[in-house]
Amino acid sequence: MADILVKNQSFINGIYNEDSLEVISTIVETILVNGIVATKTVDKEVWDGNGVLNYTITIENNAEYNLLTPICTDTLDSLVELVADTVKVNGFLATYTYVGDLLTIEIPDEIAVGEKVEITFQVQKK
């Protein structure tokens, strides 16, 4: 299970002994939420551009609280476009918007503790 991390790094610029100087701090990490994990898979590693690619996004809530009003946003590569009406959440047609290369999927209700949600959709070559 992967943690969601807040990462931060500082950059300090100035003049030191008449020379330009940049100092970079170490990166610090803070665990934001432990237990909400999203994974994305595709059905082909090599594709000749014919037919469709099938994507699956799995969201698991192994955290302490329910995830309320979840929305999934996916930026599609500029070489492909969404196949209309293929977006599903747990096997049911989903409410979504697709503008430019941005796909936004509404997940009904919530993702309860211990629950897994599966989003699937297809893309084709432009």
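Predicted model: local features only at pLDDT ≥ 70, side-chain atom pairs only at ≥ 80, totals over all residues.
**Entry 1**

I then looked for the charged partner of Asp74. The side chain forms a salt bridge with Lys40, and the closest N and O atoms are 2.5 Å apart. I noted where the two partners sit: Asp74 belongs to strand E8 (residues 71–75) and Lys40 to strand E5 (residues 36–42). The two residues are 34 residues apart, and the pair links distant parts of the chain. I checked Lys40 as well; at 41% relative accessibility, Lys40 counts as partly exposed.

**Entry 2: Other salt bridges**

I asked how many salt bridges a search of the whole structure finds. The search returns two. Besides the bridge of Asp74 with Lys40, I recorded one between the side chains of Asp43 and Lys44, at 3.3 Å from N to O. I looked up the accessibility of both partners here. Asp43 is partly exposed, with a relative accessible area of 42%, and Lys44 is partly exposed too, at 30%.

**Entry 3: Lys40 and the ring of Tyr55**

I returned to Lys40 to see what else lies beside its side chain. Lys40 lies over the face of Tyr55, at 4.5 Å from the ring centre.

**Entry 4: Aromatic rings**

I next counted aromatic pairs, and the count comes to one. Tyr55 and Phe121 form this pair, which is tilted, with 5.5 Å centre to centre and 35° between the planes. Why does the pair tie together parts of the chain that are 66 residues apart in sequence? Tyr55 lies in strand E6 and Phe121 in strand E15 (residues 116–125), so the pair joins those two parts. I also noted that Phe121 is buried, at 1% relative accessibility.

**Entry 5: Thr56**

I moved on to Thr56, which lies in strand E6 (residues 52–61). Is Thr56 buried or exposed? I found a relative accessibility of 18%, and Thr56 therefore counts as buried. Leaving out residues up to four places away in sequence, I listed the contacts of Thr56 as Thr39, Lys40, Thr41, Glu118, Ile119 and Thr120.

**Entry 6: Val117**

I looked up Val117 in strand E15. At 2% relative accessibility, Val117 counts as buried. Which residues does Val117 contact, leaving aside its neighbours within four places in sequence? I found Ile57, Thr58, Ile59, Val89, Asn90, Ile107 and Ile111. I also took the separation of Val117 and Ile71: their C-alpha atoms are 12 Å apart, and the residues are 46 residues apart along the chain.

**Entry 7: Nonpolar surface patch**

Ile12, Tyr16, Leu21 and Val23 make a nonpolar surface patch of about 390 Å². I checked which strands contribute, and found that strand E2 (11–16) and strand E3 (19–24) each supply at least two residues. Ile12 lies in strand E2 and is partly exposed, with a relative accessible area of 47%.

Key: Residues numbered from 1 in each chain as written. Heavy atoms only, no water. Helix = DSSP H or I, 4+ residues; strand = E, 2+ residues; numbered from the N terminus. Buried < 20%, exposed > 50% of the residue type's maximum accessible area, 1.4 Å probe, protein only. Contact = heavy atoms within 4.5 Å. Salt bridge = Lys/Arg side-chain N within 4 Å of Asp/Glu carboxyl O. Phe/Tyr/Trp six-rings, centres within 6.5 Å; stacked < 30°, edge-to-face > 60°. Lys NZ or Arg CZ within 6 Å of the ring centre and 35° of its normal. Patch = residues over 30% accessible without salt bridge, like charges linked within 9 Å, V, L, I, M, F, W, Y side chains within 5 Å. Areas by Shrake-Rupley, 256 points an atom, 1.4 Å probe, with all protein chains shown as cover.
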